Structure formats: structure tokens, C-alpha cells
Amino acid sequence: MDDVGKTGWIEDELAGLELGDKRLAKRCQLLLERFAADPQASVNGVCRGWKETVAAYRFFDHKAVDEHRVLAPHRDATLQRMKEHAVVLVVQDTTELDYTRRHRIVEGAGPLNDESRVGFFDHVQVAFTPGRLCLGVLQTAFWGRDWETFGTCKQRKYDPIETKESYRWLVAYREACEIAEQLLQTQIVSIADREGDIYEWFLEAEQARPPKRAEWIVRASEDRCLPERDLEAGPFTYRKLWDAMAETPPLGKRKVKVPKTPQHKARQARMTIRAQKIRFKPPYRLGVHLPEVELHVILAREEKPPTGEEPIEWMLLTSLPIENFSQVLRVIDYYTCRWQIEVYFRVFKTGCKVEEIQLEKASRLKPCLALYHIVAWRVLYVTMLGREAPDLPCDVLFADEEWKSAWTVCTDRPPPKRAPTLKVFLPMIAELGGYNGRKHDGPPGPKALWIGIRRMHDFALARSAFGPDD
């Protein structure tokens with residue numbers, strides 16, 4: 001019965017796992033299977049009996065087990081999937097992991113946005129296709145802030161980038177460059193939101209040459225200075241980025257689907273598009289003189305937002321060409337895929353409930369979180385594969401016990417001889433998780449699917465135990 005639900009994907013994602021002991025590798029595979037079967041359950045809840053629970057805690061406490069070794073084979077599998085695509089978007093972002101509510105502070109945790117909230121940060125790189133299919137997790141970096149240096153970032157504004165927390169964005173871009181050098185037939189585009197607006201990143205990217213350079217798109221947050229003086233404002237005042245782009249003639253307009261955020265509702269925005277090359281004056285750095293850098297800049301701005309809504313505005317910096325309107329629109333389309341990492345984080349944190357894990361040391365928590373990263377990828381991969389390739393048979397993702405048992409429960413009919421397509425089967429699974437399937441509902445989302453998949457696994461266990469025999 002332990003083999004129920006295995007479709008080969010777990011073995012594929014952990015192939016070549018190096019922990020120095022075959023028993024550890026076997027335990028890791030079993031834990032991933034348990035977590036994937038019920039992502040929202042606790043470690044105790046997914047383990048079958050006290051003996052298995054103790055073995056799980058011993059696994060996470062083993063000195064040979066860390067997040068990098070656990071994630072390494074999945075990263076290799078992700079690279080293999082990336083080889084099949086002409087363009088891959090490597091999106092990086094940081095999320096908070098809040099452990100404030102725990103009865104005991106996790107060893108190694110630090111303050112989040114203030115000292116009353118305690119936890120870790122997790123900086124992740126996730127690979128997506130331009131069609132938003134999640135290919136896998138390439139990198140994760142967990143850390144807790146130092147209590148003694150917390151709140152001193154303003155005093156360190158002009159310090160070298162290597163001494164700052166923001167250095168993680170540059171390190172992640174370097175990782176994307178290494179991948180670009182490995183996958184010569186695939187264009188790698190590193191994408192970051194406003195926290196990635198770091199001058200050293202742009203300078204390093206400009207100085208690199210293919211194939212040792214990944215292309216990149218970063219949303220600007222700094223109204224950076226240009227080398228030219230703004231004499232109307234004063235003899236020591238420089239022209240600024242936003243003013244220069246506002247003076248640029250528009251190239252055209254484009255409707256963009258804007259997802260729901262805490263600031264606005266989901267809607268379509270009609271954006272006015274401007275683009276040009278701009279040379280920037282370097283910022284001051286203590287003891288370092290940085291050269292000027294020339295970047296491609298795109299401004300997408302909503303001129304007439306709906307009443308009561310803030311206008312949407314994206315100032316995008318990029319290395320990709322912007323010689324014509326088609327190239328500019330491609331950059332905007334790539335940037336809109338960045339939202340998928342927010343969906344990924346929602347699956348990781350809400351779907352897998354990783355902030356409720358009861359492990360008392362960071363060294364134990366990190367490899368556990370790495371396994372949940374693989375689970376979160378799997379849920380999002382299933383969700384988006386059903387949209388990108390709806391005519392594939394569902395047995396490319398699910399074992400016979402899984403799809404056949406779910407089919408019988410949902411339709412009250414014997415399963416067909418041939419596996420139904422993802423287009424037919426995934427909405428059926430999502431209905432088990434609360435998806436209504438109405439015309440205006442759109443395709444099923446990850447939340448409904450992860451709940452439905454959990455229920456399907458229970459059906460598969462019952463089918464394996466009580467029949468029928470196929």
C-alpha cells in the first residue's frame with residue numbers, strides 16, 4: 001500500500017540524491033511522498049505511526065542533511081526541463097516565513113519587519129516558461145536577521161553591496177548567468193521586482209558577455225540620476241529617470257491583465273508604452289568609484305484608471321532589445337510572468353502551511369522547507385500543465401490507482417480503458433477541492449487542486465486495499 005500514488009515523479013526529482021547513506025536517501029524519498037500526499041498536514045500528521053515520526057525527526061537532525069543537498073537533484077531535474085524550451089524566465093523574489101506564534105522561538109530565527117515578529121526570509125529562484133508553466137526551483141537561500149544589527153540599514157546605505165542584505169539579488173543573478181552558460185540553446189531571462197533595482201547588478205551584467213550572461217528584467221524603484229544637469233532646477237541638480245521617460249514619445253498602447261493585489265482588484269489595464277536607451281550616473285559607494293551604465297528602459301503607464309483605482313505603472317529596466325514595439329511588448333509580457341512566483345509562494349506558505357512546522361532549530365527546519373519547495377512546484381506544475389497542454393492524458397501526472405479511483409468517485413461510473421485528458425480530469429479533481437466549474441470561473445487554481453489531490457490520494461489508498469483488481 002505504501003506504493004500507492006507513486007507516478008515516478010518523486011524518483012525523478014530525487015534521482016542522484018547524495019546524502020552519504022542510502023538509508024537517508026530512502027527516508028528523504030518517503031518523506032517527500034508523505035508531504036506530497038497531504039501538503040497541509042504536520043510532520044506528525046503525514047507519518048504513519050510513532051516509529052516513522054521519530055525517523056523523520058532524526059532525518060532532519062542528521063548532520064549530512066541540509067537544504068542544498070535535498071534540493072540539488074530537483075534542481076538538476078529542473079535544468080533538464082529547461083533544456084526543452086527556447087526561453088526560460090528565472091524569477092527571483094523573497095518571502096517572509098513568520099514563526100512568531102510558536103510557543104518557543106526557533107533557534108536561528110531573527111526579526112522580520114520589526115522586533116515583534118520573528119522568523120526567516122527565503123530568497124527563491126523559480127523557473128517558468130513564457131506560458132507560465134512552472135519548471136522547478138533552482139535556488140533557495142534561508143536566513144534569519146541578526147538581532148544586533150537589525151535597524152541599521154540606513155546607516156549602511158553607502159557601504160559596499162557585499163555587506164548588505166540586498167547582495168542576495170546579485171548572487172541570484174550570477175546563478176542565472178551560470179545556468180545560461182550551461183544551457184546554450186535556451187535563453188535565460190532573470191526577472192526581479194523593485195528590490196532588485198541594484199546598480200551593481202546592472203553594471204556586472206553590462207560587463208559580462210554571452211554565453212556567460214543571462215538577460216534580465218528589473219522593475220525600477222529608484223528615480224536614478226542621469227549624467228546631464230537639470231539647469232532649470234539648479235546648477236547642481238541632475239535629470240531624473242521618471243522625468244526623462246515622461247518626455248519620451250509613446251510607442252503605442254497595450255491591454256494588460258493585472259492580477260488582484262492588496263492595492264487593487266484584478267482587471268484589464270490599458271497601458272501607454274514608452275521606451276528608450278538611457279545612460280545613468282553611478283550612485284555613491286564608500287571607497288568605490290562606479291562607472292556609468294547604459295540601460296534599456298520601458299515605461300508602461302495607465303493614463304486613465306477606473307474611478308477610485310490607483311493607476312498601474314511599471315518602469316522596467318532590461319538588457320533585452322527594445323528596437324521596435326514588438327520587442328518592447330515581449331519584455332512587458334515576460335515581466336507579467338513574474339506574478340507566478342507570488343502564486344508559487346501562496347502554494348508554498350498557505351497550501352503547505354510551512355509556517356506551522358514544529359521544528360525547533362533552523363538546521364532541521366531548512367531541509368524540511370526544501371522538501372516542501374518541491375511539493376509546491378509539483379502543485380503549480382500540475383495546475384499550469386493542464387492549461388498549457390490540456391490534451392495530454394492524465395496518466396502523465398497521476399498513477400492508475402489515483403485517476404481511476406477519483407473517476408469512480410466523481411462520476412459513479414467505472415473508469416474508462418484509456419486515461420482521460422487533463423482538460424477533462426483536472427476540473428474533476430478540482431471539484432473535490434471546492435471548484436465550481438461555472439462558465440465565468442476560469443480554469444481551476446492551485447488551491448482547489450491541492451485539496452482535490454489530497455482527497456484523491458485517500459481514494460487511491462482505498463482502491464488499492466479493497467479493489468477492484470485491474
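Which residues is Trp147 in contact with, leaving aside its neighbours within four places in sequence? They are Ala109, Gly110, Pro111, Glu115 and Val118. The model behind this report is predicted.

Trp147 sits in the loop between β4 and α6. Its relative accessible area is 38%, so the residue counts as partly exposed. One of its contacts, Pro111, is 36 residues away in sequence. In space, the C-alpha atoms of Trp147 and Pro111 are 6.7 Å apart.

Tyr158 has a relative accessible area of 41% and is partly exposed. Together with Tyr284 and Leu286, Tyr158 makes a nonpolar surface patch of about 340 Å².

Is Ser190 buried or exposed? Ser190 is buried, at 0% relative accessibility. The residue belongs to strand β5, which covers residues 187-192.

Residues up to four places away in sequence are set aside here. Ser190 then touches Val90, Gln92, Gln125, Tyr173 and Ala176, among others. Its contacts also include Trp201, Glu215, Trp216 and Ile217.

Helix α9 has 12 residues, 325-336. Its end C-alpha atoms are 17 Å apart, which agrees with the 16 Å it should span at 1.5 Å a residue. Asn324 caps the N-terminal end of α9. A side-chain oxygen of Asn324 lies 3.2 Å from the backbone nitrogen of Ser326. The buried residues in α9 include Val328, Leu329, Val331 and Ile332. Tyr334, Tyr335 and Thr336 are buried in α9 too.

Helix α10 runs over residues 339-351 and has 13 residues. From first C-alpha to last, α10 reaches 17 Å, close to the expected 18 Å. Its buried residues are Gln340, Ile341, Val343, Tyr344, Phe345, Val347, Phe348 and Gly351. What covers them? Strands β1, β3 and β4 are part of the cover. So are helices α11 and α14.

## Salt bridges

How many salt bridges does the count give? The count comes to 27. Asp61 and Arg364 form one of them, with the closest N and O atoms 2.8 Å apart. This pair links distant parts of the chain, 303 residues apart. Asp61 is in helix α4 and Arg364 in helix α11. Both ends are partly exposed: Asp61 has 41% relative accessibility, and Arg364 has 22%.

Glu96 and Arg117 also meet through their side chains, at 2.8 Å from N to O. Glu96 lies in strand β1, while Arg117 is in the loop between β2 and β3, so the bridge ties together parts 21 residues apart in sequence. Glu96 is partly exposed, at 23% relative accessible area.

Arg34 and Glu33 form a salt bridge as well, at 3.9 Å from N to O. Arg34 is buried, with a relative accessible area of 5%. Glu33 is buried at 7%. Beyond these pairs, there is a network of salt bridges that links Asp93, Asp193, Arg338 and Glu342.

## Backbone details in the loops

The bond from Pro210 to Pro211 is cis, with omega near 5°.

Lys353 has a positive phi of about 50° although it is not a glycine. Lys353 is partly exposed, at 32% relative accessible area.

Asp412 likewise has a positive phi, near 60°, and is a residue other than glycine. Asp412 is found in the loop between α12 and α13. At 71% relative accessibility, Asp412 counts as exposed, because the cut-off for exposed is over 50%.

Terms used
Residues numbered from 1 in each chain as written. Predicted model: local features only at pLDDT ≥ 70, side-chain atom pairs only at ≥ 80, totals over all residues. Heavy atoms only, no water. Helix = DSSP H or I, 4+ residues; strand = E, 2+ residues; numbered from the N terminus. Expected span 1.5 Å × (residues − 1). Buried < 20%, exposed > 50% of the residue type's maximum accessible area, 1.4 Å probe, protein only. Contact = heavy atoms within 4.5 Å. Patch = residues over 30% accessible without salt bridge, like charges linked within 9 Å, V, L, I, M, F, W, Y side chains within 5 Å. Areas by Shrake-Rupley, 256 points an atom, 1.4 Å probe, with all protein chains shown as cover. Salt bridge = Lys/Arg side-chain N within 4 Å of Asp/Glu carboxyl O. Polar contact = N/O pair within 3.5 Å; in protein donor to acceptor, adjacent residues only side chain to side chain.
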